[in-house]
Amino acid sequence: SDLNLAYAIVGGILTARGEYLLGFGTEICSVASFVYHYEQLRQPYGRTTDASVRFALLVDYVLAFSSIGLGLYYIAVDQRLPPPEALAVGGIGIACLLSCWVWEEGMAYLVLHGAWHLFSAATSYYVGISHLNAITP
């Protein structure tokens, strides 16, 4: 998915600004998601039963949920919510992800999954910047 580029860009920005852990985590999510989508498209119809696709999806999910967990940890440690736009894009992103589990194919899936990538990358950016602002005097 070309929208994996959003994770790579956000990861690079966060890392450049000194938020190495979430920045690197977001970069790794970009790679894992690319590999999953590559494996998904490489296989013929009925690909969801292929072990390489399932393994790539597992890795993608583990890394994505680890990054989400890190973001939630930052919010808890900082003892303050990120800006309202982070909460908005985060909520929209989660709604898009959950919708992908309902509409699993076709144009609806492509649009919703692409939106998940964009909104979750934006959330990572906002949470990372908010965390940097919380720990920098």
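A nonpolar core here is a set of buried Ala, Val, Leu, Ile, Met, Phe, Trp, Tyr and Cys residues joined through side-chain atoms within 4.5 Å, where buried means under 20% relative accessible area, exposed over 50% and partly exposed in between (1.4 Å probe, protein chains only). The model is predicted, so to speak of local features takes pLDDT of at least 70, and side-chain atom pairs count only at pLDDT 80 or more, while totals for chains, interfaces and linings use all residues. Residues are numbered from 1 along each chain as its sequence is written, and side-chain values use heavy atoms, with hydrogens and water left out.

**Exercise 1. Work out how helix 1 and helix 2 are oriented, and what their contact is made of.**

Step 1: get the geometry. The axes of helix 1 (residues 4-16) and helix 2 (residues 20-42) come within 7 Å and cross at roughly 165°. Axes are lines fitted to C-alpha atoms, for helices over the stretch in contact, and angles run from 0 to 180 degrees between N-to-C directions.

Step 2: that makes helix 1 roughly antiparallel to helix 2 (under 35 degrees is roughly parallel, over 145 roughly antiparallel, 65 to 115 roughly perpendicular, the rest oblique).

Step 3: the crossing of this pair is left-handed, meaning the near helix is turned anticlockwise from the far one by less than a right angle; clockwise would be right-handed.

Step 4: on the helix 1 side the contact includes Tyr-7, Val-10 and Leu-14, and on the helix 2 side Leu-22, Phe-24 and Phe-34 are among the residues.

Step 5: sort the contact residues by class, and you get 9 nonpolar, 9 polar and 1 charged. Ala, Val, Leu, Ile, Met, Phe, Trp, Tyr, Cys and Pro count as nonpolar, Asp, Glu, Lys and Arg as charged, and the others, Gly among them, as polar.

**Exercise 2. Do the class count for helix 2 with helix 5, then for helix 4 with helix 5.**

Step 1: helix 2 and helix 5 have axes that come within 10 Å and cross at roughly 170°, in a right-handed crossing.

Step 2: Leu-22, Thr-26, Ser-33, His-37 and Gln-40 in helix 2 meet Tyr-109, His-113, His-117, Ser-124, Val-127 and Gly-128 in helix 5. The classes come out as 3 nonpolar, 8 polar and no charged residues.

Step 3: for helix 4 and helix 5, the axes come within 8 Å and cross at roughly 150°, and this crossing is left-handed.

Step 4: the contact of helix 4 with helix 5 has 14 nonpolar, 5 polar and 1 charged residues.

**Exercise 3. Decide whether Gln-79 is buried or exposed, and describe its phi.**

Step 1: Gln-79 lies in the loop between helix 3 and helix 4.

Step 2: its relative accessibility is 71%, so Gln-79 counts as exposed.

Step 3: phi of Gln-79 is near 55°, a positive value in a residue other than glycine. Most residues other than glycine have a negative phi.

Terms used:
Helix = DSSP H or I, 4+ residues; strand = E, 2+ residues; numbered from the N terminus. Contact = heavy atoms within 4.5 Å.
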